[in-house]
Amino acid sequence: MADLVIPQAILDDMVAHAKELAPCECCGLLAGTDQTVTKIYRIKNVVALEGAQQLASFDSAKIAHLERLSPAERAEIAFVMDAQDLAMAQKDMRRNGLTLQVVYHSHPHDPARPSVTDIKIATDYEEYWGKINLPVPAYLLVSLMQHTPDVQTYWIRGGQVTKAAVDVQQ
Ligand SMILES: [Zn+2]
C-alpha cells in the first residue's frame, strides 16, 4: 500500500470538527486522487443530533430505531452518517473527479483505535466498495481522550486492522 498523503490543514479541520461535536462523535469523508487527500466533507452524525431540534427534519424511522436502543447500545454505534449529506458528498466527488480515500470519526473518550463495532461496520462495507467499483477507504480516528488530540489511520480488511502510513503535507 502506498502512503496516504493528507494535508495538515485537513488534519486540523478534523480535530476542530471532533472538538465541536464532543462529547458526541463527529464523522466525515476525505476525498482525493491516487491516495492523496485534497478535500474534506463533514457529514452530519444522526446520533449526535438526537434530542436536538433538528430531529424533526430527519428520517423518522431511523430516529425511532435509535430511540429504541439502550444508552449502551447507542454508544456502541455512536455515529450514523446522514444519508443526505453522504449523497451530496458523493455527487461533489464525482463532479470534481475525486474518489473517497478515508472515512473518519472521533472518539471523544476513547483511544484512536477502531472499536469492535467500527471493525464490524468496516468489514460489512468491504464488499460494498467493490460492488460500486471503489477502492476500500482507510479509516481515520481522532481521539480527544488526552489533552493533545491523537490522530491515527488504519486499513481494515477481512476484519484485520493494520496501521496505514500517512505523509502529512505542510
Ligand atoms: Zn469508533
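What follows is a chat about a predicted model of one protein chain.

User: Hi! What does the secondary structure of the protein chain come to?

Analyst: Hi! This is a predicted model, and its chain has five helices and eight strands. Going from the N terminus, the order is β-α-β-β-α-α-α-β-α-β-β-β-β.

User: And what pLDDT does the chain average?

Analyst: The mean is 86, and 82% of the residues score at least 70.

User: Which elements have the lowest and the highest mean pLDDT?

Analyst: Helix α3, residues 71-77, is lowest with a mean of 58, while β1 is highest at 98. There is also a stretch, residues 51-58, where the pLDDT is below 50. That stretch has seven contacts in the model beyond near neighbours in sequence, but where pLDDT is low, the predicted coordinates should not be read in detail.

User: What does Y104 touch, leaving out residues up to four places away in sequence?

Analyst: Y104 touches M14, C27, G28, L30, L140 and V142.

User: Back to β5, then. How many of its residues are buried?

Analyst: Six of its six residues are buried. In a regular strand the side chains alternate between the two faces of the sheet.

User: Do β4 and β5 run parallel or antiparallel, and how many bridges join them?

Analyst: They run parallel, and six bridges join them.

User: Switching to helices. Which residues of α1 are buried?

Analyst: L11, M14, H17, A18 and L21 are buried in α1. Viewed down the helix axis, the buried residues fall within an arc of 120°, so they line one face of α1. Q8, A9, D12 and E20 are exposed on the other side.

User: What end-to-end span should α1 have, and what does the model give?

Analyst: At 1.5 Å a residue, its 14 residues should span 20 Å, and the end C-alpha atoms are 20 Å apart, so the two agree. Helix α4, residues 83-95, agrees as well: its 13 residues should span 18 Å, and its end C-alpha atoms are 18 Å apart. After α4 comes G97, with a positive phi near 65°.

User: Which residues other than glycine have a positive phi?

Analyst: D34 is one of them, with phi of about 45°, and Q35 is another, with phi near 65°. Most residues other than glycine have a negative phi, and most peptide bonds are trans. D34 lies in the loop between β2 and β3 (36-43), and Q35 lies in the loop between β2 and β3 too.

User: Is D34 buried or exposed? And why does Q35 count as buried?

Analyst: D34 is exposed, with 8 other C-beta atoms within 10 Å. Q35 has 20 C-beta neighbours inside 10 Å, so Q35 counts as buried, given that the cut-off for buried is 20 or more.

User: Where is the cis peptide bond?

Analyst: The cis bond joins A22 and P23, with omega of about 10°. P23 sits in the loop between α1 (8-21) and β2 (27-33).

Note on methods
Residues are numbered from 1 along each chain as its sequence is written. This is a predicted model: local features need pLDDT of at least 70, side-chain atom pairs count only at pLDDT 80 or more; totals for chains, interfaces and linings use all residues. Helices (H or I, at least four residues) and strands (E, at least two) are DSSP runs, numbered from the N terminus. A residue is buried if 20 or more other C-beta atoms lie within 10 Å of its own, exposed if 12 or fewer, and partly exposed in between; C-beta atoms are placed from the backbone. Two residues are in contact if their C-beta atoms, placed from the backbone, lie within 7 Å. The expected span of a helix is 1.5 Å times one less than its number of residues. The arc is that of the directions from the helix axis to the C-beta atoms. pLDDT is the predictor's confidence in each residue, from 0 to 100. Two strands pair if DSSP finds at least two bridges between them.
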